[in-house]
Amino acid sequence: MTAKTNTDDYLRMYTQMVRIRTFEDNANQLYLSAKMPGLTHMYSGEEAVAVGICEALTDSDRITSTHRGHGHCVAKGAEFRQMFCELLGKEEGYCRGKGGSMHIADQSHGNLGANAIVGGSMGIATGSALRAKLQGADDVTVCFFGDGATAQGLWYEVMNMAALWRLPVIYACENNGYSEYTKTEEIAAGSITARAEAFGIEAHRVDGQDVLAVNELAQTLAARCRKGEGPFFVELMTYRYHGHHVGDINREYYRSKEEEADWKENRDPIVRFRGWLVAQGIATEDEIEALNAQVKQDAKEAVTYAEAARYPDISEVDMHVHAETDPATLRPGA
Ligand SMILES: Cc1ncc(C[n+]2csc(CCOP(=O)(O)OP(=O)(O)O)c2C)c(N)n1
């Protein structure tokens, strides 16, 4: 790990990673106690990816997210209360409880939304970057997706456009080793970075468990996007601790307990960063424990709040589920 930002930045990055892990622990608990409708996909283990990248962005920069999207939301600035409300289908949720776990959007922080369709956000992110270019804005869009999404034809279509038009977009592939229940090497021939390079796109591969390495690369690429040097591709090597979704509990037919233990015990991004913070003298063990306790308390308070919050009224069932916008007003310059 290399030093890059100041003490406050380091502590905020650590806190954000702990917030994601804690959010997921609580979401898992809500699912297990049958309080949450539907399924959810845990981001635990991948925290350094979302935090490393989003900490290199501003509120005007945008992201698009995936079915495994809670980490992206938190890292881009979402609040616990509104997120838990969304998971529980409550009116105060980010999408008034109508999106649920896989469709959280938070436009106030530039989060254009998660998408349950694998690869579904690739066109949205590329369109967002095209809008920035046409309007002369200097914001960057990061498109998060998994290794499995690289099998979608859409990715090759948008990479072609983005490369031809030099769009300010970073395609961030979270390679957690599996696409649902299949190992990446069983579905992806050759190298994923080489696919982006075939379109003339500069491609990088980085240790997704090292938040500082991710952040350093993201800062460099975001700055270069703003100078018109985009697009870029990054493959982030990471691991999801839970099953594909919360109901995927018997995983031994596709990955071993030893493999899971190795990642958790030897490569955990939070333990690793915590050790670095203490070794650098940025925080003591006691200070880290106090931060962890505060986050736990915040999550507990937000869950209690969301459980007590109101459901949307039945009269709203058809509202906010499709756009009422006149397409003519969406034309550039209109
Ligand atoms: C178009 C489409 N095909 C299939 C699915 C079912 N599905 C949901 S998640 C998933 C695997 C995605 O793997 P990856 O992109 O690597 O993301 P990860 O779950 O590993 O984060 C699949 C096949 C879907 N939601 N959308």
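Tutor: Two strands are said to pair when DSSP finds at least two bridges between them. Strands are DSSP runs of E with at least two residues, helices are runs of H or I with at least four, and both are numbered from the N terminus. The structure above is a predicted model, in which local features need pLDDT of at least 70 and side-chain atom pairs count only at pLDDT 80 or more, while totals for chains, interfaces and linings use all residues. Residues are numbered from 1 along each chain as its sequence is written.

Student: How many helices and strands are there in the protein chain?

Tutor: The protein chain holds 12 helices and seven strands.

Student: Which strands pair with β7, and in which sense?

Tutor: Strand β3 (residues 169-175) pairs with β7 in the parallel sense, over six bridges. Strand β6 (residues 202-207) likewise forms six bridges with β7 in the parallel sense. For individual bridges, Glu174 has Leu236 of β7 as its partner, and Asp207 has Met237 of β7.

Student: How much of β7 is buried?

Tutor: A residue is buried if 20 or more other C-beta atoms, placed from the backbone, lie within 10 Å of its own; it is exposed with 12 or fewer, and partly exposed in between. Strand β7 (residues 232-237) is mostly covered, with five of its six residues buried. In the protein chain, 46% of the 334 residues count as buried.

Student: Is helix α2 enclosed or open, and why?

Tutor: Helix α2 (residues 47-54) is largely enclosed by the rest of the structure, because eight of its eight residues are buried. Among them are Glu47, Val49, Gly52 and Cys54.

Student: Why is Asp313 exposed, whereas Ile270 is buried?

Tutor: Asp313 counts as exposed because it has 9 C-beta neighbours inside 10 Å. Asp313 lies in the segment after α12 (285-308), and its C-alpha atom is 36 Å from that of Arg240. Ile270 is buried because 21 other C-beta atoms lie within 10 Å. Ile270 belongs to helix α11 (residues 269-279).

Student: Which residues are in contact with Ile270, beyond its neighbours within four places in sequence?

Tutor: A contact requires two C-beta atoms, placed from the backbone, within 7 Å. Leaving aside neighbours within four places in sequence, Ile270 is in contact with Met17, Val18, Arg21 and Glu47.

Student: Which residues of the largest nonpolar core touch the most other members?

Tutor: Such a core is a set of buried Ala, Val, Leu, Ile, Met, Phe, Trp, Tyr and Cys residues joined through C-beta atoms within 7 Å. The largest one has 81 residues, of which Met17, Ile170 and Ala172 touch the most other members. Helix α1 (residues 7-32) supplies the largest share of this core, 10 residues. With neighbours within four places in sequence left aside, the contacts of Ile170 include Val140, Leu221 and Phe232.

Student: What are the dimensions of the box that the C-alpha atoms of the protein chain fill?

Tutor: Taken along the principal axes, the box is roughly 55 × 50 × 45 Å.
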